[in-house]
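Please consult the sequence and structure below while reading.

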Amino acid sequence: MKSNINTSPLNLKELFFQIALNIIVFIFFAFDRRLPGIEAHQILFYLNFAIAALIINYILLPKFLYKNRYWHFALYSLLLIAIVILTEEAVLEQIYYPETRGRRFLGIFYNLMSTLPTITILVGFKFAWDALIKQREVHELKNYAKESELQYLKSQINPHFLFNNINNLYAYAVEQSPKTPDLILELSSVLRYMLYDCRARFVALNKEIEHLKNYINLSTLQIEGRGKVNNTIGNIPENYNIAPLVLSVFIENAFKHSASSQTENISINIDINVSDNGILNFRCTNSYQSETNVNKLDQGIGLQNVKKRLDLMYPKSHELKISDDNENFKVQLALDLNKTKN
């Protein structure tokens, strides 16, 4: 994204701003309560200042100051101010005030004090305008970077999920298991959600919960009676949204590590509810055998990604606790949904 300060021409909004600014400044410049009214020569005196300010605003600022060429900016600005003073003293005052102000040069200090305030106001407002534009660009770039990182983190979840489940599907197919069609249907429902329904930053909470139910059903087929899965989902309000594919990472992690480290007595407990004040409470506990589990459970790629997503999507509005006692791995997440309420 290119900066509007350096490359963009004067747009319509800025043009109106400059016109309004110059009208206001000219009124203050020309106003004299002892001599009401505006004379033609006052416009010429003001134009001498306004033209210099325009040169500074649209040539010197973008070409030198905004490119950190400070000495060049200062040198050309002083030269331009000297030309303004010379034009006023040697031309305008000689035409309109030949017998008074035009008779003698009052000195550099006096001329600077009469020239700099008007030019400084015109240049200062332009500088402030550019600063606001730049601030908006920085804000847009931060949002773009945040969104790009979120999309990257989500994209890392999907291949991980596909890798695990396609391997399981292959094993069922080789064994000609009668559960293969059910497994394919569950996988199809989950993939449809992940590919099409969760492209937005936030999705409806009830749709996310429905996805989790399908996901749990799919994962439960994989343990084939080697343990027990308890799934408790409380009343889910329809007026909340949630970042997609956050909770499923914890559930996937629970099934993966329980199934990979235990041949029997697998225990997975999942509890999801939303409090009256809009706090989603998620708890997931899975058993595992530490001596047969070669990876640290709290350092997997999926968990690292979901922690980053929570920090990006719910800064200071979530609390994640992960505990491990070498027999059970527990995840507790409290998520404030009020910021994404419909």
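**Buried charges and nonpolar cores**

Asp 130 has a relative accessibility of 4% and therefore counts as buried, the cut-off being under 20%. The model in which this value was computed is a predicted one. Lys 126 likewise counts as buried, at 4% relative accessibility. The side chains of these two residues, Asp 130 and Lys 126, form a salt bridge with an N to O distance of 3.0 Å. Both belong to helix H5, where four residues, about one turn of the helix, separate them.

Lys 126 also pairs with Glu 14, their closest N and O atoms lying 2.4 Å apart. Because Glu 14 is in helix H2 (residues 12-30) and Lys 126 is in helix H5, this pair ties together parts 112 residues apart in sequence. Glu 14, too, is buried. Together, Glu 14, Lys 126 and Asp 130 make up a network of salt bridges.

In total, the model contains four salt bridges. One of them joins Asp 271 to Arg 283, with the closest N and O atoms 2.5 Å apart. Asp 271 lies in strand E4 and Arg 283 in strand E5, twelve residues apart. Arg 283 has 34% relative accessibility and so counts as partly exposed.

Attention now turns to the nonpolar packing. The largest nonpolar core comprises 49 residues, and those touching the most other members include Leu 205, Ile 270 and Leu 337. Strands E4 and E5 are among the elements that give two or more residues to this core, while H7 gives the most, with eight. Leu 337 contacts, among others, Leu 205, Ile 242, Val 274 and Leu 280. A second, separate core of 20 residues includes Ala 30, Phe 49, Leu 60 and Leu 65.

Methods. Residues are numbered from 1 along each chain as its sequence is written. This is a predicted model: local features need pLDDT of at least 70, side-chain atom pairs count only at pLDDT 80 or more; totals for chains, interfaces and linings use all residues. Side-chain values use heavy atoms; hydrogens and water are left out. A nonpolar core is a set of buried Ala, Val, Leu, Ile, Met, Phe, Trp, Tyr and Cys residues joined through side-chain atoms within 4.5 Å. Buried means under 20% relative accessible area, exposed over 50%, partly exposed in between (1.4 Å probe, protein chains only). Contact means heavy atoms within 4.5 Å. Lists of a residue's contacts leave out its neighbours within four places in sequence.
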